[in-house]
Amino acid sequence: TRIIVLHLFLVPLALIWLFPLWMMFIFSTMPDSGIFSPGVQLLPSDQFLTNLAALQEETRFLRTIFVSVVVAVIYTALSVMLTSMAGWALVRYRFAGRGMVVAIILGTITLPYFVVVIPQFILVARDLGLSDTWVALIVPPLFNSLGVLFMRQSFSLMPTELFDAAQVEGVTEWQIFTRVALPLAKPTMAALSIILFLASWNNYLWPLLITNSPEMMTAPVALGTLIGVTRVSWGGIMVGAVLLTAPMLLVFVFLQRFFMSGITAGAVK
């Protein structure tokens, strides 16, 4: 009975959350004039491919999707590795000022991104001359304070006796890190990978500032170009939003087990 009552409460909440997504899909199948027509249409129309063709013609959207995928995948892989190494160092090594380093990393989480984006842009675009490059899209956001603290917490919960025993056997520190610690931290790394991939996939401001050519434009920036002064391509925006949202929903559905286990990994010691 308790489970039935719980489902009766949660199912309507889930439907309320899913309704805007369903309406986004409905709007992607309608012409611009139909989106603002009176009444609410709950069934899809037949203009999805037409809107998709118009979107591709205006923004070369498939190319922007390719750029977004490449940037998100490389960024996620490099950022997970760097944050894992930083978290490992903060757990394994005793050095002067370690607590200060942790405090600074924790403090950077409270800084709004808009505080650092202008100095970061000046450094990358003017001083280094890297604007409109793959390096500019991927490298500057690599350091993730939340990721460092995330991995530090995961490594701190692992038994130090396991690492000490491996060290006694003559295993190098790098091998302990890659062959012992990282396999144990797979759930946390999976959860962090999802978070970082979503952050890169949805990132709008930095790619907007650092890219100039259509060849380096990411998908969110391409959708932004459809909003003009005198005309807004609502059908194209809805199609693009569907194409950007659907992969993320699928990723979360298939990886939610790893995500939840990674999020709760530090809840019980």
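Select D132 to begin: D132 sits in the loop between α6 (113-127) and α7 (134-138), where helices (H or I, at least four residues) and strands (E, at least two) are DSSP runs numbered from the N terminus. D132 is partly exposed, with a relative accessible area of 22%; buried means under 20% relative accessible area, exposed over 50%, and partly exposed in between (1.4 Å probe, protein chains only). D132 has a positive phi of about 65°, although it is not a glycine. Most residues other than glycine have a negative phi.

This is a predicted model, in which local features need pLDDT of at least 70 and side-chain atom pairs count only at pLDDT 80 or more, while totals for chains, interfaces and linings use all residues. Residues are numbered from 1 along each chain as its sequence is written, and side-chain values use heavy atoms, with hydrogens and water left out.

Now show the whole chain. The protein has 14 helices and zero strands; from the N terminus on, its elements run α-α-α-α-α-α-α-α-α-α-α-α-α-α. Taken along the principal axes, the C-alpha atoms fill a box of roughly 70 × 65 × 30 Å. Of the 269 residues, 35% count as buried. Among contacts (heavy atoms within 4.5 Å) between residues at least 6 apart in sequence, 74% join residues at least 24 apart.

Select R92, found in helix α4 (residues 61-92). Is R92 buried or exposed? At 18% relative accessibility, R92 counts as buried. Not counting residues up to four places away in sequence, R92 touches F163, D164, Q167, E173 and I176. With one of these, E173, the side chain of R92 makes a polar contact to the side chain at 3.1 Å. A polar contact is a pair of N or O atoms within 3.5 Å; within protein, one must be able to donate a hydrogen and the other to accept it, and residues adjacent in sequence count only if both atoms are side-chain atoms.

Next, display the pair of helices α9 (residues 160-168) and α10 (residues 173-184). Their axes come within 10 Å and cross at roughly 145°. Axes are lines fitted to C-alpha atoms, for helices over the stretch in contact, and angles run from 0 to 180 degrees between N-to-C directions. The crossing of α9 past α10 is right-handed; a crossing is right-handed if the near helix is turned clockwise from the far one by less than a right angle, and left-handed if anticlockwise. Which residues in α9 and α10 meet? L162, F163, A166 and Q167 in α9 meet E173, I176, V180, A181 and L184 in α10. By class, this contact has seven nonpolar, one polar and one charged residues. Ala, Val, Leu, Ile, Met, Phe, Trp, Tyr, Cys and Pro count as nonpolar, Asp, Glu, Lys and Arg as charged, and the others, Gly among them, as polar.

Stay in α9 and select E161. At 55% relative accessibility, E161 counts as exposed. E161 and V251 are 90 residues apart in sequence and 36 Å apart in space, C-alpha to C-alpha.

Turn to the aromatic rings. Rings of Phe, Tyr and Trp (its six-membered ring) pair if their centres lie within 6.5 Å; planes under 30 degrees apart count as stacked, over 60 as edge-to-face and the rest as tilted. By this rule the count comes to eight aromatic pairs. F25 and F48 have ring centres 6.4 Å apart and planes at 45°, so the pair is tilted. F25 lies in helix α1 (residues 2-28) and F48 in helix α3 (residues 48-59), so the pair ties together parts that are 23 residues apart in sequence. F25 is partly exposed, at a relative accessible area of 29%.

The rings of F197 and W201 have centres 5.9 Å apart and planes at 15°, so this pair is stacked. Both residues lie in helix α11 (residues 186-202), four residues apart, about one turn of the helix. F197 and W201 are both buried. Also select W88, F155, F163, W174 and F177, which form one aromatic cluster.

Finish at T218, in the loop between α12 (205-210) and α13 (219-224). T218 counts as buried, at 5% relative accessibility. Leaving out residues up to four places away in sequence, T218 touches T64, V67, S68, N203 and P207.
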